[in-house]
Amino acid sequence: MRGSGKLCGFITAIPVNMQVNQVGVPMAEVNFLCVHKKLREKRLTPLLIKEVTRRVNLRNQWQAIYTSGTTLPTPWSTAQYWHRNLNPQKLVDIRFSFKPADTTQAKFNKLHKLPDSAQTQDLQVMTEAAVPKVTLALNRHLRDNYKVHIVFTEAEVRHFLCPRDGVVYAWYCEDGEGVVTDFISFYALNSTILNDERYDKLYAAYAYYNFAKDNDAARLKQLIRDLLIMAKQNNFDVFNMTEVLKHGLVKNDLLFKPGDGKLAHYLYNWRIQAVPSNEIGIVLV
């Protein structure tokens, strides 16, 4: 704001190589739109969108992909949010989660207890050295399973999926020939807790790109369970995911509960028929 130096609004766009129904479409991924709470009736949002559109067009890009928690005209798919308690006591205290009236807090905590360590023996932490083979395996999985997805470059995989504490966490498995067979990851997106004397932050992990060898549902369930364990080890309070990729295969088996929000997906300047959420191969942070 003029005179105070406070941020009025913010929006980002990055170039991505999209595949839509097996057609390559260079797009802008638009994200992180926010406006200062005191200025939300001042029509700043259309101004930000107009400006980012102008700058994207100057780079000869004319299509975009974005998501919204509210329904705008017209989404081509909508994905349900799912939540898994990692710190049930805190989540009940801040009213993020609700325990059944006939269940004690101790029993509720025990129900959500996880093992102390991951159960998949051959999991390895994602490293820069693994970027080429992870890129190959991830792009193959996305190409073979989803109608809408990004084709990643090695530079993008290095930037978005190499672990950084407090930002992104990732692991992979490989076979005897060094080929990546499984990949799991999550990113951090924390929130401020208002009007609570005990807590000021909600530490939330969000499912990122995940796949199991041959789309084996049992294998994916084990890998996502390990992801929950490692999120808990890194002091996250809740694990969130949207029903994209193959996440729907495990949502009911690992104590995930449906949230009250849905994530609508949109394309700008590109027409596509409605797509089921399990055929979406992109996770917009």
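In the predicted model, Asp 93 has a relative accessibility of 18% and therefore counts as buried, the cut-off for that class being under 20%. Its salt-bridge partner is Arg 198, with an N to O distance of 3.9 Å between the two side chains. Because Asp 93 belongs to helix H2 (residues 88-93), whereas Arg 198 is in the loop between strand S9 (191-192) and strand S10 (201-202), the pair ties together parts that are 105 residues apart in sequence. Arg 198, for its part, is exposed, its relative accessible area being 52%.

A salt bridge also joins Arg 219 to Asp 182, here with an N to O distance of 3.1 Å. This pair likewise links distant parts of the chain, since Arg 219 lies in helix H6 (residues 217-233) and Asp 182 in strand S8, 37 residues apart. Asp 182 is buried, at 2% relative accessibility, while Arg 219 is partly exposed, with a relative accessible area of 22%.

Within helix H1 (residues 44-58), Arg 54 and Glu 51 are 3 residues apart, which means that about one helical turn separates them. These two residues form a salt bridge in which the closest N and O atoms are 2.7 Å apart. In total, the structure holds 12 salt bridges.

Turning to the nonpolar residues, the largest nonpolar core comprises 47 residues, of which Met 126, Phe 183 and Tyr 209 touch the most other members. Two or more residues of this core are given by each of strand S1 (9-20), strand S2 (23-35), helix H4 (131-145), strand S6 (148-150), helix H5 (154-161), strand S7 (168-174), strand S8 (180-188) and strand S11 (204-207). Helix H4 supplies the largest share of the core, namely 5 residues. When residues up to four places away in sequence are not counted, Phe 183 touches Met 126, Val 134, Leu 161, Ala 170, Trp 171, Tyr 172, Tyr 209, Asn 210 and Phe 211. Apart from this core lies another one, made up of 27 residues that include Leu 220, Leu 223, Met 230 and Val 250.

Note on methods
Residues numbered from 1 in each chain as written. Predicted model: local features only at pLDDT ≥ 70, side-chain atom pairs only at ≥ 80, totals over all residues. Heavy atoms only, no water. Core = buried A, V, L, I, M, F, W, Y, C linked by side-chain atoms within 4.5 Å. Buried < 20%, exposed > 50% of the residue type's maximum accessible area, 1.4 Å probe, protein only. Helix = DSSP H or I, 4+ residues; strand = E, 2+ residues; numbered from the N terminus. Contact = heavy atoms within 4.5 Å. Salt bridge = Lys/Arg side-chain N within 4 Å of Asp/Glu carboxyl O.
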